[in-house]
Amino acid sequence: MINGPVQHIASQQNPKVKEWAALLEKKQRDRTGRFILEGVHLIQEALISGAPVETVVYDTERGLPAELEPLLRSEDGYPCTLVEASAAVMSKCTGTDTPPPVFGIVLKAEADTAQLYGPNALVVVLDGLRDPGNVGTIIRSADAVGASAVVIGKGSVDLYNPKTVRSTMGSLFHLPVIEADLAQLLPEGRERGIRLVGTSLQAEQSCFSYDWNGPAWLLLGNESNGLSAEVSALVDESVLIPMRGKAESLNVAMAATVLLHEAMRQRYYR
């Protein structure tokens with residue numbers, strides 16, 4: 001077990017509790033540069049990845065999860081503040097119906113934008129995606145294929161929304177995820193030799209015949225309306241996902257997974 005200074009908080013009226021609970025709102029996350037991480041697995045991934053975890057708060061009755069103990073033990077002391085809290089505090093500070101046994105407060109980290117421009121960069125760019133589950137799943141798929149980065153354009157769901165963070169299943173900490181203004185970033189990418197690839201039901205080229213080798217950014221648009229007119233105007237090439245059945249289209253996260261795995265197949269499994 002962990003031995004050492006652990007803070008104890010029972011009241012929902014504690015100033016620290018109010019500060020943490022406020023992070024469920026985007027404006028407070030933006031103001032403080034912090035976000036909430038819920039559950040054992042996500043905190044494990046954050047600590048293993050060296051993410052700036054400031055505080056770990058765990059349920060008094062359930063105790064500190066055993067999986068976290070080795071990650072919170074070091075000769076130099078704890079890498080973060082440990083807090084033992086009541087079930088009421090856990091409920092107030094988390095966004096699920098059943099509060100997790102542990103949550104963390106994490107500093108937003110600056111992502112490495114250099115990964116966007118590598119000689120064989122494969123980057124996913126999200127334009128106006130609003131569903132946290134879709135965004136989280138796409139980040140997981142990008143992680144699975146070894147993509148260089150994910151870019152989330154303005155107008156998309158907040159990366160640090162608790163639902164988005166949960167749906168990444170820890171992949172948020174495995175590759176750069178960058179929030180950017182696409183009106184500025186996409187022209188810069190083109191100037192630096194990046195192909196901007198979109199999807200279209202009217203495209204003549206199949207995603208399976210398209211050559212995914214070399215630097216490419218895959219642009220994915222809003223769940224209902226697709227790419228915005230401004231982003232569509234910047235697309236260099238469009239591809240189509242062939243379908244033999246009667247479905248009209250795929251969910252954007254499913255489409256992203258198909259396209260990313262085809263890109264991976266061509267690059268590494270020919």
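The chain holds 9 helices and 12 strands; helices (H or I, at least four residues) and strands (E, at least two) are DSSP runs, numbered from the N terminus. This is a predicted model, in which local features need pLDDT of at least 70, side-chain atom pairs count only at pLDDT 80 or more, and totals for chains, interfaces and linings use all residues. Residues are numbered from 1 along each chain as its sequence is written, and side-chain values use heavy atoms, with hydrogens and water left out.

Let me turn to the overall dimensions. Taken along the principal axes, the C-alpha atoms fill a box of roughly 60 × 35 × 35 Å. Of the 270 residues, 49% count as buried, where buried means under 20% relative accessible area, exposed over 50%, and partly exposed in between (1.4 Å probe, protein chains only). Contact means heavy atoms within 4.5 Å; among contacts between residues at least 6 apart in sequence, 79% join residues at least 24 apart.

Next, the sheet. Five strands form an open sheet with mixed pairing, in the order S1-S4-S3-S5-S2. Its edge strands are S1 (7–9) and S2 (34–38), each of which pairs on one side only. Two strands pair if DSSP finds at least two bridges between them. S2 and S5 (residues 102–107) pair in the antiparallel sense over 5 bridges, and glutamate 38 has phenylalanine 103 in S5 as its bridge partner.

What do the buried residues of H3 pack against? They pack against S2, S3, S5 and H6, and the buried set consists of Val40, Leu42, Ile43, Glu45, Ala46 and Leu47. Serine 49 lies in the loop between helix H3 (40–48) and strand S3 (53–59). With a relative accessible area of 37%, serine 49 is partly exposed. Leaving aside neighbours within four places in sequence, serine 49 is in contact with Phe173 and His174. The C-alpha atoms of serine 49 and phenylalanine 173 are separated by 6.3 Å, although the two are 124 residues apart along the chain. Glycine 50, which follows H3, has a positive phi, near 80°.

Aspartate 158 is located between strand S7 (149–153) and helix H6 (162–168). Is aspartate 158 buried or exposed? It is buried, at a relative accessible area of 7%. Apart from neighbours within four places in sequence, its contacts are Lys26, Arg29, Thr164 and Glu179.

I come now to the charged pairs. The whole structure contains 10 salt bridges, a salt bridge being a side-chain nitrogen of Lys or Arg within 4 Å of a carboxyl oxygen of Asp or Glu. In one of them, aspartate 30 meets lysine 26 at 2.6 Å, N to O. Both residues lie in helix H2 (residues 26–32), 4 residues apart, about one turn of the helix. Aspartate 30 is partly exposed at 41% relative accessibility, and lysine 26 is partly exposed at 41%.

Another salt bridge joins aspartate 59 and arginine 62 at 3.6 Å, N to O. Here aspartate 59 is buried at 5%, whereas arginine 62 is partly exposed at 47%.

In helix H9 (residues 252–268), glutamate 262 and arginine 265 are separated by about one helical turn, because they are 3 residues apart. Their closest N and O atoms are 2.8 Å apart in a salt bridge. Glutamate 262 counts as buried at 6%, while arginine 265 is partly exposed at 36%. Elsewhere, salt bridges that share partners join Lys26, Asp30 and Lys108 into one network.
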